[in-house]
Amino acid sequence: NKYNVQFADVYDWSQVISAVRGTSFLLFLMLISTGYGVTKGTLGLRSKCWIFSLLFVHLTSNMASIILVSKESIFSSDPAALLLSLPTSLSITAILVFIYVHLQKTKKYLVDNGQEVKLLMYQQLLAILKMTAIIAY
């Protein structure tokens with residue numbers, strides 16, 4: 001090729017960008033589920049710690065998987081590759097549980113305060129998340 005760019009390099013960078021994009025999406029979804037900007041003006045320290053620690057584990061395990069897979073064949077039976085998929089799966093599960101619990105709390109707050117329009121939006125978001133979880137798993 002003209003610029004001496006290897007396909008493997010482009011593939012690796014696309015995987016890194018995809019991991020960062022997915023983690024950013026999860027961050028926004030977690031913030032929305034807590035009611036930040038809708039029912040709350042600020043997040044507590046505990047919520048911030050949970051959000052950023054879960055996202056940190058998720059992003060670092062994704063990056064480690066990308067680095068390991070780029071060194072080896074994707075079909076290798078390397079135990080480290082299988083071991084690195086476990087934290088990613090666990091972090092996704094923990095994030096989905098976090099989102100579900102906080103969506104329920106936000107919905108309860110909206111019901112208690114009689115905000116039907118916002119409640120309808122959160123009910124639709126919860127239905128979409130349930131369908132996504134069913135399809136993904």
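Tutor: One definition to begin. Helices here are DSSP runs of H or I, at least four residues long, numbered from the N terminus. Keep in mind that this is a predicted model.

Student: OK. Which helix holds T23?

Tutor: Helix α1, which covers residues 7-33.

Student: Is T23 buried or exposed?

Tutor: Buried. The cut-off is under 20% relative accessible area. T23 counts as buried because its relative accessibility is 7%.

Student: What does T23 touch, leaving out residues up to four places away in sequence?

Tutor: L55, H58 and L59.

Student: And N62, where does that lie?

Tutor: In helix α2, residues 45-71. N62 has a relative accessible area of 18%, so N62 is buried too. Beyond residues up to four places away in sequence, N62 touches A19 and T88.

Student: Switching to the core. How many residues are in the largest nonpolar core?

Tutor: It has 17 residues. Those with the most contacts inside it include M30, I51, L55 and L103.

Student: Which helices supply it?

Tutor: α1, α2, α3 and α4 each give at least two residues to this core. Helix α4 spans 116-136. As a general point, nonpolar side chains tend to be buried together in soluble globular proteins.

Student: Take L103. What is it in contact with, past its neighbours within four places in sequence?

Tutor: S33, Y122, L125, L126 and L129. L129 is also among the core residues with the most contacts.

Student: What about L31, which residues does that touch?

Tutor: L31 is in helix α1. Not counting residues up to four places away in sequence, L31 touches Y36, L43 and I51. L31 and I51 are 20 residues apart along the chain, with 8.3 Å between their C-alpha atoms.

Student: Why does V101 count as partly exposed?

Tutor: Because its relative accessibility is 35%.

Student: Last topic. How many salt bridges does the structure hold?

Tutor: One. D112 pairs with K108, and their closest N and O atoms are 3.0 Å apart.

Student: Where are D112 and K108 in the fold?

Tutor: Both lie in helix α3, four residues apart, about one turn of the helix.

Student: Are D112 and K108 buried or exposed?

Tutor: Both are exposed.

Methods: Residues are numbered from 1 along each chain as its sequence is written. This is a predicted model: local features need pLDDT of at least 70, side-chain atom pairs count only at pLDDT 80 or more; totals for chains, interfaces and linings use all residues. Side-chain values use heavy atoms; hydrogens and water are left out. Buried means under 20% relative accessible area, exposed over 50%, partly exposed in between (1.4 Å probe, protein chains only). Contact means heavy atoms within 4.5 Å. A nonpolar core is a set of buried Ala, Val, Leu, Ile, Met, Phe, Trp, Tyr and Cys residues joined through side-chain atoms within 4.5 Å. A salt bridge is a side-chain nitrogen of Lys or Arg within 4 Å of a carboxyl oxygen of Asp or Glu.
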